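Let us take a walk through this structure together, one feature at a time. Please have the sequence and the model at hand.

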Amino acid sequence: MSSITLIFIILAGILALFLALFQYCNKLKQHSKLYWTFIFLRFLTLFAILLLIINPKFEHLEVYTEKPNLVIAVDNSSSVKHLNQDGNALKIVESLTNNSDLNNKFNIELYSFGDDINSEDSLNFNKQQTNISNAINQLFQIYKESISPTVLISDGNQTYGSDYEFSSNSYKQPIYPIILGDTVNYTDLKIQQLNVNKYAFLKNSFPIEAFLIYNGSSNINSQFTVTRGNNMVYSQPITFSKSNNSKIVNFTLPANSVGVSAYKATLEPLDNEKNIVNNTKNFAVEVIDQKTKVALVSDFLHPDLGVLKKSIENNEQREVVFIKPNEVINQINDFQLVVLYQPNNKFKQLFDALNKENKNKMIIVGTKTDIGFLNSIDKNYNQQITNQSEDYLAELNLNFAPFIINEMDFESFPPLKSNYGDVTFSVPFETILFKKINNISTKEPLLATFETNGKREAVLFGENIWQWRAQSYINAKSFNDFDNFIGKLVQYLASNKKRNRLNVDYESFYNGNGNIIIKAQFFDKNFEFDARETLIISVKDKITNEEKSFPFILKNNNYQVDLSNLMPSEYTFKVFAKNENLSQSGSFQILEYNVEQQFLNADVTKLQRLANNSDGKSYFADDTNALVNDLLNDNRFVSIQKSNKNTIPLIDWKYLLFLIALTLTVEWFLRKYNGLI
C-alpha cells in the first residue's frame with residue numbers, strides 16, 4: 001500500500017469521525033451513553049463507505065512447492081502385443097505409478113499413444129498405427145515450461161510420421177526409454193515395401209515394384225508370387241544369402257476389366273520362420289476406362305502453373321497439358337477442363353471456342369490479368385477496375401454445398417495477390433473462399449463456382465497459389481491436403497453430372513490399417529445444405545452376408561461416419577435419409593494388412609540413440625528398479641519453491657459491505673427501540 005493511500009485512509013477516518021460527531025453532538029448531554037453508541041456506529045458506516053471510495057489495494061503473498069512432473073508415455077499399439085510384451089508393459093506401468101517414493105518426488109502423468117496421444121490409464125494395445133514423433137511433439141507443447149523427465153515405454157517400432165530420433169531434438173526434457181522386446185535376430189523373410197499405382201487404365205499394363213528382404217546367414221531359395229483370387233498372375237524364384245540379402249522385383253500386370261481388382265503378393269516362408277505375417281501383402285488397383293485431361297493455358301511462365309500440374313496429377317486419373325492460347329483451339333475437345341491462367345486479349349478466340357462448345361473452365365485472375373478484356377468477354381461477373389493490387393487472405397465458407405471440402409487451415413495460408421476492386425456476379429454462384437484484408441472478413445468471393453447453361457465454371461481472384469501448397473506442407477508435413485482440395489475442385493469442374501440432393505464421398509478400397517471415413521452431403525429442395533436430416537449407412541459384407549447400420553454425425557458442412565472397426569472384406573453399402581425417400585448405393589473393399597505385425601524385434605538402437613540425444617538413459621523391461629533409483633537420485637529433478645503475489649482491491653472484500661449493512665441496521669433498531677424515530 002502506498003503512502004498516499006495511507007494518508008487518504010487517515011483523512012477518511014478523521015472525516016468520518018467529524019461527520020458522526022456533527023450529526024449527534026447537540027444531543028450528547030441528554031443521552032450520553034446511547035448517543036456515543038450512535039456516534040460509533042455512524043463512524044463505522046461512514047468510514048467503511050469512504051474506504052470503498054478510496055479502494056486501497058493489499059498484497060497477498062502465497063508460497064508453495066511445485067514438484068517436477070514424471071511423464072509416462074506408453075506405446076498402446078498392437079505391435080507390443082504381437083511381440084508378447086503387453087504383460088511387461090502393464091507391470092512396468094503399475095510398478096512406476098504405485099511407487100511411493102516416485103509419487104513423493106514427482107507428479108506422475110500417464111499417457112498412451114498409437115497414431116495419437118491420449119491422457120488415460122486404460123491400455124488395450126489395439127492401435128493400428130504408431131507415431132512416436134507425434135507423441136513427443138505433443139508432450140513438448142504440454143511440458144515445455146516445466147521440469148518433466150519422460151519415461152517412454154515402447155518397442156520403438158514406428159509405422160509412420162517423422163523420425164522420432166530427430167523430432168526429440170526440440171524436446172527439452174530427458175527421455176528414458178524402457179525397451180519392450182529383445183535384441184535377438186531371427187531368420188526372417190519379408191516383403192518390405194510394395195509400390196503400385198492406385199489407378200490403372202483399361203487395356204493397359206500397370207507397373208509393380210516389390211522390395212524383398214532376408215535376415216539370416218545361410219543361402220536360401222524362395223518363390224515370389226502374386227495371385228488374384230485363386231489364379232496366379234505372376235511368379236518368380238528368389239535366392240538370398242547373407243551378403244545378398246535384398247531384392248527388388250519389377251514387373252507389370254494387365255488391366256483387363258473395369259473396377260477394383262484385389263491382389264495378394266506372397267514370399268514363400270522358410271520352415272523355421274517365426275513371423276510369416278510379413279511375408280504377405282495385399283494390394284488393389286482400380287481400373288478405369290477414361291483419363292481426365294486438363295489444359296493449363298497461359299501466356300507466360302509462373303510458379304503457380306507447376307504447382308497446379310503437380311496437385312492435379314497427384315491423382316493418376318488426371319493429366320495436365322501446358323499449352324498456349326492459340327494452340328489449344330484446334331484440340332479443345334480433347335480436354336474435359338480448361339484452366340485459363342491470367343487471361344488477356346490473346347485469349348479471345350479461346351473464349352469464343354469454349355462458349356461455342358459449352359466447355360467447363362476455370363479462370364485464375366492475377367496482377368497480369370487484363371480486367372477490361374475479362375469484363376467484356378465474360379458476362380457472368382464483372383470486376384471493378386482500379387489499377388491497384390491488394391493482398392487477400394482466405395476464409396473458408398463452411399456453408400459451401402456443391403462438394404465436400406476436407407478440413408484445412410486456410411487462414412494460416414499466405415495472402416494471394418490480385419487486383420483491388422469489388423466483384424459483381426450476374427448469375428447465382430457459390431463461394432468456396434472469402435476474401436480477408438488485414439484479418440477482416442469482407443464476405444466477398446476469393447474462389448467461387450457457378451453453373452450456367454449446363455456447364456460449370458470457377459474463378460480464383462488471386463495469384464501465388466504455389467505458396468499455399470508450401471504452407472500446407474509446413475502445417476501437415478504433407479502435400480496431400482492441398483492436392484486433395486485442388487483434386488476435388490477439378491473433379492467437380494470436369495464433370496457435367498446433374499446435382500443430387502444426397503451425395504456420398506468414398507474410396508473404392510481402403511487399407512486395413514487406416515481410417516475408413518465415409519462422408520455425405522444432404523441438400524433441401526433448393527439445394528441448400530440441410531443439417532437437420534438424419535443419415536444412416538447400411539453396410540453388408542459380401543462374404544458373410546452380415547449387415548450392420550451406422551448413423552452419420554454432422555461435422556462442419558458434411559456428415560461423416562467412421563467404419564474403421566470393420567474387418568477386411570468386400571462390402572456393399574446404402575446411405576439413406578431417414579425423413580425422405582432418398583438413398584445412394586456403392587461398394588468398397590477393405591484390404592487385409594496390419595503394419596504393426598511386420599516387426600520381429602524392438603528397435604533397440606534407435607531408442608538408445610533417443611536416450612543419449614536427450615541426456616536420458618535407456619533400460620530394458622527388467623531394469624525398472626534401476627530406472628527408479630536413477631530418477632530418485634538425479635539432482636536435476638528437484639522440487640521448486642514458488643510464490644504468487646496477488647494484489648487484492650478492498651472493493652472485492654464482500655465482508656465490508658456486510659459491515660455497512662450491519663451498522664446501519666443496528667443503528668436503526670436502537671433508535672426505533674428508544675423512540676427516536
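## A salt bridge across the chain

We begin with glutamate 580, which is partly exposed because its relative accessible area is 31%. Bear in mind as you look that this is a predicted model. The side chain of glutamate 580 meets that of arginine 501 in a salt bridge, with N and O 3.0 Å apart. This pair links distant parts of the chain, 79 residues apart: glutamate 580 sits in the loop between β33 and β34, while arginine 501 sits in the loop between α12 (480-493) and β26 (502-505). Is arginine 501 buried or exposed? With 16% relative accessibility, arginine 501 counts as buried, since the limit for that class is under 20%.

## Other salt bridges

In total, the count of salt bridges comes to 20. One of them joins arginine 532 and aspartate 530, whose closest N and O atoms are 3.0 Å apart.

Glutamate 546 and lysine 548 form another salt bridge, with 3.9 Å between the closest N and O atoms. Glutamate 546 has 46% relative accessibility and so counts as partly exposed; lysine 548, with a relative accessible area of 37%, is partly exposed.

Which residues of β33 (residues 570-577) are on its covered face? They are Tyr571, Phe573, Val575 and Ala577, while Glu570, Thr572, Lys574 and Phe576 make up the uncovered face.

Strand β29 (residues 535-541) runs antiparallel to β33, and seven bridges join the two. Within this pairing, isoleucine 536 has phenylalanine 576 of β33 as its bridge partner. Strand β34 (residues 583-591) also pairs with β33 in the antiparallel sense, over seven bridges, and there tyrosine 571 stands opposite phenylalanine 588 of β34. β33 and β34 form a hairpin, with five residues between them.

## Aromatic rings

The count of aromatic pairs comes to 29. Take tyrosine 381 and phenylalanine 425: their ring centres are 5.5 Å apart and their planes meet at 45°, so the pair is tilted. Because tyrosine 381 lies in strand β19 (residues 381-383) and phenylalanine 425 in strand β22 (residues 423-425), the pair ties together parts that are 44 residues apart in sequence. Both tyrosine 381 and phenylalanine 425 are buried. Ring pairs also link these two with Phe429, Phe450 and Phe461 into a cluster.

The charged end of lysine 435 is found over the ring of tyrosine 392, 4.3 Å from the ring centre. Arginine 469 lies over the face of phenylalanine 479, at 4.0 Å from the centre of that ring.

Our last stop is a nonpolar surface patch of about 700 Å², made by Ile4, Leu6, Ile7, Phe8, Ile10, Leu11 and Ile14. One of these residues, leucine 11, lies in helix α1 (residues 3-24). Why does leucine 11 count as partly exposed? Its relative accessibility is 47%, and so it falls between the limits of 20% for buried and 50% for exposed.

Note on methods:
Residues numbered from 1 in each chain as written. Predicted model: local features only at pLDDT ≥ 70, side-chain atom pairs only at ≥ 80, totals over all residues. Heavy atoms only, no water. Patch = residues over 30% accessible without salt bridge, like charges linked within 9 Å, V, L, I, M, F, W, Y side chains within 5 Å. Areas by Shrake-Rupley, 256 points an atom, 1.4 Å probe, with all protein chains shown as cover. Salt bridge = Lys/Arg side-chain N within 4 Å of Asp/Glu carboxyl O. Helix = DSSP H or I, 4+ residues; strand = E, 2+ residues; numbered from the N terminus. Buried < 20%, exposed > 50% of the residue type's maximum accessible area, 1.4 Å probe, protein only. Phe/Tyr/Trp six-rings, centres within 6.5 Å; stacked < 30°, edge-to-face > 60°. Lys NZ or Arg CZ within 6 Å of the ring centre and 35° of its normal. Pairing = 2+ DSSP bridges.
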